[in-house]
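Hi,

Here is the structure I said I'd pass along.

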Amino acid sequence: MALTCRNIEHLRDAYLDGDLPASLMAEVDAHLLQCPECQRQLELLRVCGNVIARDFSEPPASPGLASRVLDSLPRRPAAAPGSTVLLTRRQRRRIVLERVAASAVPAIAAMIAVAVLAWPGDSPPRATQPDPIRVVAGDLQSAPVDVLGVRALVDPTLSTISNTGRVAENLQEVYRLTLHDARQQFTGPPATAARPSNFSGALMMELLHPLLSIMPPSDENAPTSEPAGDIVRF
Amino acid sequence: MNQPGQTGEGRLESAEERRLIKAAQRGCAASAHRLIVAHQDRLHAFVWRMLRNEHDSDEVCQEAFVRAISNLGSFDFAYRFSTWLFTIAYRLCLNQMRRRADAPAFADFAQIGAPGDDRADSVGEAVANSDAARRMKDAIWEAVDELSPPQRATVLLFYREQLSCQQIGEVLEMPPATVKSHLHRARGRLREMLAGRLSDDWKDIPMPADAG
């Protein structure tokens, strides 16, 4: 059955947008060939679409729009959390260097501290060690409390365990401080913290901070409360 | 002819655009600048068609870019950057229209095409064609101006930006079926408004077959 003008009205959008199946498209075309009015209506809409799509008669964006946008964006350090802050190439390079240094220096300091603490200290003189067991023809000549040489075996082992525990504790402290420092570097307000203004001074502070904090006499200035999430468990 | 995007760096390849967005997210001002330049004329054309006021268009455009760039961290790469940009701009346009409707005197429609208006002259020159073709284009744009804001936005995004109904729905924050309905009604209104006005002009425009 041939399509009517009313049918064409309903199929108008699909026809214009090429969404009709091929068979229906042919039916619409067949109607258009015989109906100048429908042909004209569709042609009018097609011309409208062409003009809207291709007639770029609007004024362009005003000159300097991009610069004005960038100028009105928030700058460090007043930016709200989570917002994008734009920086020049030089500023970005400096921040990357600072962050790398802030992360690496405490780590190096931690390695040095571990090396110092784990270095074998002065071992007790050999003379104080009980004599190894000596059995001569069934007669015990050594002290009766160490008949089987247990102390000779257990004491060094306990000493090693104790040293290892101490090293582990110190290492944990170093990691905790390192993580805290690194975290502050990335998320904390850098302008409000009392930090040396020059870069080399900051480096020295970062280098000394973990070492000072783990000195045996407890440092009163060392931070005492830390977020639980920052502590590394061994 | 002034083609949006051509005063800047043209439309960006999607890979290049993605790279610029990622760099801008890391805080690279140069990348953000390139993103803005690449989209500024297209966005401005859309906003100007919506508001028909140059001062308001500049303000809305600038605000749209500021919001887009400062919230770039939350940009979803599943969408096109332009879609996101148009979404922000459309909302700002609606706000601006509401504000303007409250103001006693707002539009500069009358200035468009008025004698001595430099901008109207430059627009007129951009459409360098026969008088009949120019009349036809003016009539079409005047008819577009008469459409409701959602219909006008739909028509502009569909034809100019070649967005699908799904994508237009994302910009206008409405279901694709509603977008189709807006498009259908917009076409119906354009046809009604133009049928009488252009009937004589149509006959004056030389057809390609006649020219040869």
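Leaving aside residues up to four places away in sequence, A:V69 touches B:I36, B:Q62, B:F65, B:V66 and B:I69. In its own chain, A:V69 belongs to helix α4, which covers residues 65-71 of chain A. A:V69 counts as buried because 25 C-beta neighbours sit inside 10 Å, and the cut-off for that label is 20 or more. Keep in mind throughout that this is a predicted model.

Now for the two chains, beginning with chain A. Chain A has 7 helices and 2 strands. Chain A has 234 residues, and 12% of them count as buried. If you take the contacts in chain A with a separation of 6 or more, 65% are between residues 24 or more positions apart.

Chain B has 11 helices and 0 strands, which gives the pattern α-α-α-α-α-α-α-α-α-α-α along the sequence. Of its 212 residues, 36% are buried. For chain B, residues 24 or more positions apart make up 66% of the contacts with a separation of 6 or more.

Helix α1 (residues 5-16) and helix α3 (residues 36-54) of chain A have axes that come within 11 Å and cross at roughly 25 degrees. That makes α1(A) and α3(A) roughly parallel to each other, because angles under 35 degrees get that label. Their crossing is right-handed. On the α1(A) side the residues involved are A:C5, A:I8, A:R12, A:Y15 and A:L16, and they meet A:C38, A:L42, A:L45 and A:R46 in α3(A). Sorted by type, the residues of this contact come out as 7 nonpolar, no polar and 2 charged.

One of those α1(A) residues, A:I8, also turns up in a distance I noted. A:I8 and A:E27 are 19 residues apart in sequence, and 9.6 Å separates them in space, C-alpha to C-alpha. A:E27 is in helix α2, residues 22-34 of chain A. With 19 other C-beta atoms within 10 Å, A:E27 is partly exposed; buried would take 20 or more.

Chain B has a helix pair to look at as well. Helix α6 (residues 131-146) and helix α9 (residues 176-197) of chain B pack at an angle of about 145 degrees, and their axes are 9 Å apart. The crossing of α6(B) and α9(B) is right-handed. From α6(B), the contact uses B:A139, B:I140, B:A143 and B:E146, while α9(B) brings B:L190, B:M193, B:L194 and B:R197. By type, the residues of this contact are 6 nonpolar, no polar and 2 charged.

Which residues of α8(B) are buried? They are B:C165, B:Q167, B:I168, B:V171 and B:L172. Looking down the axis of α8(B), these buried residues fall within an arc of 155 degrees, so they line one face of the helix. As a reminder, an α-helix has 3.6 residues a turn, so residues three or four places apart point the same way.

Last, a few backbone angles. Most residues other than glycine have a negative phi, so here are the exceptions I noted. B:Q162 is not a glycine either, and its phi is positive, near 55 degrees. You'll find B:Q162 in the loop between α7 (149-160) and α8 (165-172) of chain B. B:Q162 is exposed, as 9 other C-beta atoms lie within 10 Å.

B:R52 is another non-glycine residue with a positive phi, at about 55 degrees. This one is in the loop between α2 (29-51) and α3 (54-70) of chain B. Where B:Q162 is exposed, B:R52 is partly exposed, with 17 other C-beta atoms within 10 Å.

Cheers

Methods: Residues numbered from 1 in each chain as written. Chains lettered and ligands numbered in written order. Predicted model: local features only at pLDDT ≥ 70, side-chain atom pairs only at ≥ 80, totals over all residues. Axes fitted to C-alpha atoms, helices over the stretch in contact; angles between N-to-C directions. Helix = DSSP H or I, 4+ residues; strand = E, 2+ residues; numbered from the N terminus. Parallel < 35°, antiparallel > 145°, perpendicular 65-115°, else oblique. Left-handed = near helix turned anticlockwise from the far one by under 90°. Contact = placed C-beta atoms within 7 Å. Nonpolar A, V, L, I, M, F, W, Y, C, P; charged D, E, K, R; others polar. Arc of directions from axis to C-beta.
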